[in-house]
Amino acid sequence: MKAENCPEYWNEKFKQKNINPSNLAKDYGGAYNKICDWVFKNKHNRVLDIGCGIGVVSFILKKRGFSFQNRDFVCLDFSEIGLKIAKEYCNWIKTIQASFCSNEKIIELENHKFDLIICHNVLEFVEDYLGFAQKAVNMLNDKGKIIFGFQLRKTRSNNPLKRIIDPKMKEFQEFLKQSNLIVENDCVIEKWYLSLITKMDKEGAL
Ligand SMILES: C[S@@+](CC[C@H](N)C(=O)[O-])C[C@H]1O[C@@H](n2cnc3c(N)ncnc32)[C@H](O)[C@@H]1O
């Protein structure tokens, strides 16, 4: 079975006793806080965190006083253990357990576009990562934004799909161009490349 179709891999990982949003926020606070800065700044009503894992982003947002009321903050993952922990640490989120690649729940979601999508440290584990990214972009509102985060350096991982995506590489740049996407902001924090990407309108303006 391919690791990307294998929530069991992530369930096992998230069962480890030192894995919780608070510890991850301490270890990788720089990158997660940057993502949260962008979420705060953009004041979106409908937010989707694809491959949210154990919900580190929603945990930090809650700690920083983000107002979840009157918003849809949806966390999607195919790991039930991940979602359970995410919900435990931030009760405000709505959770969807589904594979983003193939699921009728996703078709349902496609009819309800999002203002902001977060996809951090997920594409590295997906075989058809550009197809996955395109699917996410298709779920954006006309002026929606998407945050992609990638690891720039190799780390220890026994997931056979783990790869390093170089954001400067031609195929990723082509994908942005063809999908009318423009990088509004990007940065490197520790081992992460983070980018806030906006859909251009028909005239090409942000
Ligand atoms: C390295 S973790 C990152 C978690 C979180 N985004 C973060 O930055 O803390 C990758 C996550 O992607 C999820 N994932 C991978 N492929 C997926 C798919 N096809 N559908 C839904 N979730 C997926 C895994 O279950 C895992 O929780």
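View 1. With 12 C-beta neighbours inside 10 Å, Glu190 counts as exposed. The model is predicted: local features need pLDDT of at least 70, side-chain atom pairs count only at pLDDT 80 or more, and totals for chains, interfaces and linings use all residues. Residues are numbered from 1 along each chain as its sequence is written. Glu190 sits in the loop between strand 6 and strand 7 (192-199). Helices (H or I, at least four residues) and strands (E, at least two) are DSSP runs, numbered from the N terminus. The phi of Glu190 is positive, near 50 degrees, in a residue other than glycine.

**View 2. Asn180 in a loop.** Asn180 is not a glycine, yet it has a positive phi of about 60 degrees. The loop that holds Asn180 runs between helix 8 (170-178) and strand 6 (181-189). Asn180 is partly exposed, with 13 other C-beta atoms within 10 Å.

**View 3. Helix 3 against helix 4.** Two packed helices are described by the angle between their axes and the distance between the axes. Here the axes of helix 3 (residues 29-42) and helix 4 (residues 56-63) come within 10 Å and cross at roughly 65 degrees. Axes are lines fitted to C-alpha atoms, for helices over the stretch in contact, and angles run from 0 to 180 degrees between N-to-C directions. Helix 3 is therefore roughly perpendicular to helix 4. (Under 35 degrees is roughly parallel, over 145 roughly antiparallel, 65 to 115 roughly perpendicular, and the rest oblique.) Helix 3 supplies Tyr32, Asn33, Ile35, Cys36 and Val39 to the contact, and helix 4 supplies Val56, Val57, Ile60 and Leu61. Two residues are in contact if their C-beta atoms, placed from the backbone, lie within 7 Å. By class, the residues of this contact are eight nonpolar, one polar and no charged. Ala, Val, Leu, Ile, Met, Phe, Trp, Tyr, Cys and Pro count as nonpolar, Asp, Glu, Lys and Arg as charged, and the others, Gly among them, as polar.

**View 4. Helix 4 and its surroundings.** Seven of the eight residues of helix 4 are buried, so this helix is largely enclosed by the rest of the structure. The buried residues are Val56, Val57, Ser58, Phe59, Ile60, Leu61 and Lys62. They pack against helix 2 (21-27), helix 3, strand 1 (46-50), strand 2 (72-77), helix 5 (80-89) and strand 4 (114-120). Just after helix 4, Gly65 takes a positive phi of about 85 degrees.

**View 5. Helix 1 against helix 5.** The axes of helix 1 and helix 5 are 7 Å apart, and the helices pack at an angle of about 45 degrees. The pair is therefore oblique. Trp10, Asn11, Phe14 and Lys15 of helix 1 meet Glu80, Ile81, Gly82 and Ile85 of helix 5. This contact has four nonpolar, two polar and two charged residues. Glu12 also belongs to helix 1 (residues 7-15). Glu12 is exposed, with 12 other C-beta atoms within 10 Å.

**View 6. Ile117 in the core.** The largest nonpolar core has 53 residues, of which Ile117 and Cys119 touch the most other members. (A nonpolar core is a set of buried Ala, Val, Leu, Ile, Met, Phe, Trp, Tyr and Cys residues joined through C-beta atoms within 7 Å.) Leaving aside neighbours within four places in sequence, Ile117 is in contact with Leu48, Ile50, Ala136, Met139, Leu140 and Ile146.

Terms used:
Buried ≥ 20, exposed ≤ 12 C-beta atoms within 10 Å, placed from the backbone.
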